[in-house]
Amino acid sequence: MNEHQTQEVEPAPALDPDLPPPEIDPAKLDADGLKVLRHLRRNGHQAYFVGGCVRDLLLSAKPKDFDIATSASPEEVRRTFRNCRLIGRRFRLAHVYFQGHKVIEVATFRKNPVEEILVETPQAAEGDLLISEDNVFGTAEEDARRRDFTINGLFYDVALGEVIDYVGGRTDLAARVIRTIGSPAIRIREDPVRILRAIRFAAKLELQIEPGTWEAMKAHASELSRCAPARVFEEILRLLRSGASRRALELLREAGALAMLLPSVDAFLASAPEIESSRFYGLLDFVDARLRAGLPTDDSILLGALLLRIVRAAPQKDSPLTAIEPLLNELVRVARLPRRIAEGTRLLVLSQGALLGERRRRGSPTRFMRSPHFDEALLLMEANAQVSGEGAEALERWKERRAAMSPEASRAAALGPAGVPTSPRGPRAGSQPRRPAPPAIERAAEPDDSAGDAFGSSGLL
Ligand code: ATP
Ligand code: MG
């Protein structure tokens, strides 16, 4: 096993006593990331922590992951580490693996391919700037400049204990401002997904978007339709998982990006009476509070919270099924919403009718409660009751029944500890037969009514 792969705790890097104290507390740096840095440096390469981790540490927030930028080529990185794999075709990266499925991402310094073209032919700025290839290696400074926002363009040199700032990121961090590196219009047109990224950082870290950057985001929001749907989907999920989805949705709407991504949600907010839009945002507040408390919250709950009020506010003539289909189809079209998540979301939203006693379902309440998704459906019911008062009494009854359920039955239902839903990705969820949802029955029923089921297999409808 190589030196860098040993698992014993290593002391923090020795710092020269003549140097000023490090700008970032060494105890806050990731031990495995430090091993990777040290090993790259020993092999003669430049290597720094970069991006989100430096930004978050300077804001006293906890970084999600510790990315590394280096002068070593991907192939050199691969040769330096035994526990390493190269990934990605368009943007080749090295993943260095550590115990417990931990991965440290190591990227070679690159330069912005669009900038090269613009230097040679400035008139190209009038044309198509969308980045399609991103593998031109460069220097540390070029690598800082190709990044999206100044606050994301900082390096941290562990050996010197120093932040390296080629882009004015420190000043913007101190002023809590998000600003593109270079011309906002060019940088947004190169990659319109940056609109969603700016909104995520603004919402999550409570930062302001610099006016020039904001104007460019608004001017080019329609170009989001040109981005790869998979990237758009990933960013939508990151917004919903951010713990600040309410603010993110407000900003998406103001920037004109919501009309591009989810036109039905945008249209709902444009025409909904005040009480309905405040219920919509209330559901987002509910999931935000859960996420900030670190409670597990599956993506289908996040999407259910996003869509539930729109479905419930649909005209009476529309059944919930008719109301939810176009919303999910929109997500599939714009963002290639994966089928598994679409089905989970549909199930959670449609099950509300059965929980509220608005629709009949088959089987006993116990069978209903044994559904692997019952706790999640109940959670969405609770959120809805909190924001709208709907079904508050029925909710209490379901909760009592759920609490009285025998431990064996709970286990059989593959549920987690009370109140903490398990993921639908769990083995039982995966083994549920998939059938297309038949039409809804719009007949009022008591929550414990055990006659007739139009939905069949899930046990939840
Ligand atoms: P988070 O903490 O949410 O992961 P992050 O800033 O680390 O935020 P990542 O998506 O992990 O975001 O990207 C890592 C870094 O890569 C960013 O900080 C930024 O420097 C750069 N980057 C990521 N996406 C882009 C992009 N679309 N355009 C330019 N630079 C980008
Ligand atoms: Mg990151």
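Let's start with Ser60, which counts as exposed because it has 8 C-beta neighbours inside 10 Å. (A residue is buried if 20 or more other C-beta atoms lie within 10 Å of its own, exposed if 12 or fewer, and partly exposed in between, with C-beta atoms placed from the backbone.) You'll find Ser60 in the loop between helix H2 (52-58) and strand S2. Its phi is positive, about 60°, although Ser60 is not a glycine.

Before going on, a word on what you're looking at: this is a predicted model, where local features need pLDDT of at least 70 and side-chain atom pairs count only at pLDDT 80 or more, while totals for chains, interfaces and linings use all residues. Residues are numbered from 1 along each chain as its sequence is written, and chains are lettered from A and ligands numbered from 1 in the order in which they are written.

Helices (H or I, at least four residues) and strands (E, at least two) are DSSP runs, numbered from the N terminus, and two strands pair if DSSP finds at least two bridges between them. Strands of a sheet pair through backbone hydrogen bonds, either parallel or antiparallel. Here seven strands make an open sheet with mixed pairing, in the order S3-S4-S5-S2-S1-S6-S7. Strands S3 (84-87) and S7 (162-165) are at the edges with a single partner strand each, so one side of each has no neighbour in the sheet. From one strand to the next, the twist averages 35°.

Let's look at some of those pairs. S1 and S2 are antiparallel, with four bridges, and Val50 sits opposite Asp67 in S2. On to S5: strand S2 (residues 67-70) runs parallel to strand S5 (residues 102-108), and three bridges join them. Among the partners, Ile68 goes with Val106 in S5, and Ala69 goes with Ala107. Helix H1 (residues 31-42) packs on this sheet, touching strand S1 (47-50), S2, strand S4 (93-98) and S5, and its direction makes about 35° with that of S5. (Contact means that the C-beta atoms of two residues, placed from the backbone, lie within 7 Å; axes are lines fitted to C-alpha atoms, for helices over the stretch in contact, and angles run from 0 to 180 degrees between N-to-C directions.)

S4 and S5 pair antiparallel over five bridges, with Tyr97 opposite Val103 in S5. Three residues lie between the strands of this hairpin, where Gly100 has a positive phi near 75°.

What surrounds ligand 1? The shell includes Gly51, Lys64, Asp67, Arg147, Asp191 and Arg194, where a residue is near a molecule if its C-beta atom, placed from the backbone, lies within 6 Å of it.

Is Ile236 buried or exposed? With 25 C-beta neighbours inside 10 Å, Ile236 counts as buried. Leaving aside residues up to four places away in sequence, Ile236 touches Leu261 and Ala335. Ile236 and Leu196 are 40 residues apart in sequence, yet 7.7 Å apart in space, C-alpha to C-alpha.
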